[in-house]
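Here is a short report on one protein chain.

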Amino acid sequence: MFAEAWKNYKNILCVRPDNMGDVLMSQPAMRALRESVAGRKITLLTSTAGACVAPFIPEVDETIPFDVPWVKTTETNGAQRLLALADELQAFRFDAAVIFTVYSQNPLPAGMLCYLAGIKTVLGYCRENPYQLIDQWVPDREPLDYVIHEVERQLRLVEMVGAETSDTRLLLKIPEETRKEATDRIGGMLNAAGIRAGMRWLVLHAGVSEEKRLYPASDYVTACQSLIRQGYKILLTGSGSERGHVDQIARQLGTAAVNLAGELSLAELIILIEAAPVLVSNNTGPVHIATAVGTPVVVLYAMTNPQHTPWQVPSKVLYFEVPPELRTKNRLLQSFPGPSTPRASPEAIVAAVGELVSSRRKLRFVIPGLTTERLIKSKGRLEASITRDT
């Protein structure tokens with residue numbers, strides 16, 4: 001549609017001012033942009049939260065962290081800093097920009113930022129004609145006509161400018177020295193927790209940035225108690241701000257659980273999830289980390305945006321209702337399109353863990369730092385075993 005002119009554009013700004021998981025789900029589209037023109041440079045404008053994962057995304061050459069006022073954040077940068085950002089972007093002399101949004105987001109504020117930065121060629125979805133703010137706009141048909149996965153949504157967008165890739169996976173690359181340090185530390189933690197090769201264990205990420213996506217702690221406890229009786233060790237993760245919430249769960253699980261909330265760097269969290277037989281989590285960033293490292297995941301999925309289920313990894317998606325008082329005012333998200341089963345419950349979590357672990361018993365898992373063996377994982381993401389319940 002706009003492909004011919006883009007063959008000459010080598011300095012591209014990608015705008016994704018959301019969280020870590022959103023940035024990860026935009027990676028295949030950024031890969032397509034990078035692969036489609038030799039020597040093309042990708043600069044990512046994202047939130048401070050999203051910028052944390054950017055060093056592990058090989059398609060990103062440079063990152064500009066900034067918390068914009070039109071995305072939910074605890075930070076307030078103010079109007080003057082926003083104008084200063086526009087000046088900073090202008091100095092980069094970008095050939096073009098791509099605005100990545102979910103269907104419930106308005107791209108016009110980002111379009112205005114690009115306009116102020118003097119970026120004349122801007123690609124993005126929009127529901128109305130944005131005129132000079134987004135000169136190459138694609139009418140947004142979601143969710144009124146259909147709903148597709150977030151990864152596919154962004155891939156379709158960049159296809160409009162001739163950007164395609166045969167590799168649509170999420171992939172994280174940790175620098176070798178950082179990987180060695182993180183692997184050694186995680187190995188020590190697992191050793192201290194009494195976890196040995198061949199033992200049953202899993203990672204539970206019970207925190208989330210939005211309360212409406214928080215699965216009840218009491219149900220996590222019930223599920224974990226059942227899994228502990230089956231011989232599982234539970235490793236609890238979370239950010240420093242989630243430590244109190246995770247503490248409540250850990251206290252009720254006793255010595256079979258280890259609370260690592262607030263203690264891991266992002267590289268260490270990636271290594272831990274990569275080593276884990278399975279991850280259990282709310283629909284949040286670690287789910288997409290699991291996707292990127294090929295670890296099966298059970299996701300407790302709040303019925304908000306339906307586009308963010310695990311991508312190309314063995315998974316079980318268990319849905320639960322958002323409490324009425326926490327539901328969004330955004331009308332596009334007030335009804336959940338598509339299937340919303342199977343429903344989440346402690347019993348469903350236990351069954352999903354058993355099914356995913358059972359499907360991988362033919363693989364050999366080792367504990368990082370404890371042996372010289374390598375963790376055996378399929379490069380093809382066990383595609384024959386992928387299960388995405390709908």
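Which residues are linked in a network of salt bridges? Arg16, Asp18, Asp22 and Glu150 are. The model is predicted.

**Salt bridges**

Side chains of opposite charge can pair when their charged atoms come close. The count here comes to 21 salt bridges.

| Pair | Closest N to O distance |
|---|---|
| Arginine 31 and glutamate 59 | 2.8 Å |
| Glutamate 268 and arginine 185 | 2.7 Å |

Arginine 31 forms a salt bridge with glutamate 59. The pair links distant parts of the chain, 28 residues apart: arginine 31 is in helix H3, and glutamate 59 is in the loop between helix H4 and strand E3. Arginine 31 is buried because its relative accessible area is 4%, under the 20% limit. Glutamate 59, at 8%, is buried as well.

Glutamate 268 forms a salt bridge with arginine 185. This pair links helix H11, which holds glutamate 268, with helix H8, which holds arginine 185; the two residues are 83 apart in the chain. Glutamate 268 is buried at 10% relative accessibility, whereas arginine 185 is partly exposed at 36%.

Arginine 243 sits in helix H10, and glutamate 263 in the loop between strand E9 and H11, 20 residues apart. Arginine 243 is partly exposed at 27%, and glutamate 263 is partly exposed at 35%.

**Helix H9**

Does the length of this helix agree or disagree with its residue count? Helix H9 has 13 residues, 217–229, and should span 18 Å at 1.5 Å a residue. Its end C-alpha atoms are 18 Å apart, so the two agree.

The buried residues of H9 are Ala217, Tyr220, Val221, Ala223, Cys224, Ser226 and Leu227. An α-helix has 3.6 residues a turn, so residues three or four places apart point the same way. The buried residues of H9 pack against strands E7, E8, E10 and E11 and helices H10 and H13. Glycine 231 follows H9, with a positive phi near 105°.

**Surface patch**

Leu83, Met112, Tyr115 and Leu116 make a nonpolar surface patch of about 380 Å². Helix H6 gives the largest share, three residues. Methionine 112 lies in H6 and is partly exposed at 38% relative accessibility.

**Cysteines**

How many disulfides are there? The count is zero. Cysteine 52 is partly exposed at 44%, whereas cysteine 224 is buried at 5%.

Definitions and conventions
Residues are numbered from 1 along each chain as its sequence is written. This is a predicted model: local features need pLDDT of at least 70, side-chain atom pairs count only at pLDDT 80 or more; totals for chains, interfaces and linings use all residues. Side-chain values use heavy atoms; hydrogens and water are left out. Helices (H or I, at least four residues) and strands (E, at least two) are DSSP runs, numbered from the N terminus. The expected span of a helix is 1.5 Å times one less than its number of residues. Buried means under 20% relative accessible area, exposed over 50%, partly exposed in between (1.4 Å probe, protein chains only). Contact means heavy atoms within 4.5 Å. Patches are made of residues with over 30% relative accessible area and no salt bridge: like charges are joined within 9 Å, nonpolar side chains (Val, Leu, Ile, Met, Phe, Trp, Tyr) within 5 Å. Accessible areas come from the Shrake-Rupley method with a 1.4 Å probe; for residues, only the protein chains shown count as cover. A salt bridge is a side-chain nitrogen of Lys or Arg within 4 Å of a carboxyl oxygen of Asp or Glu. A disulfide is a pair of cysteine sulfur atoms within 2.5 Å.
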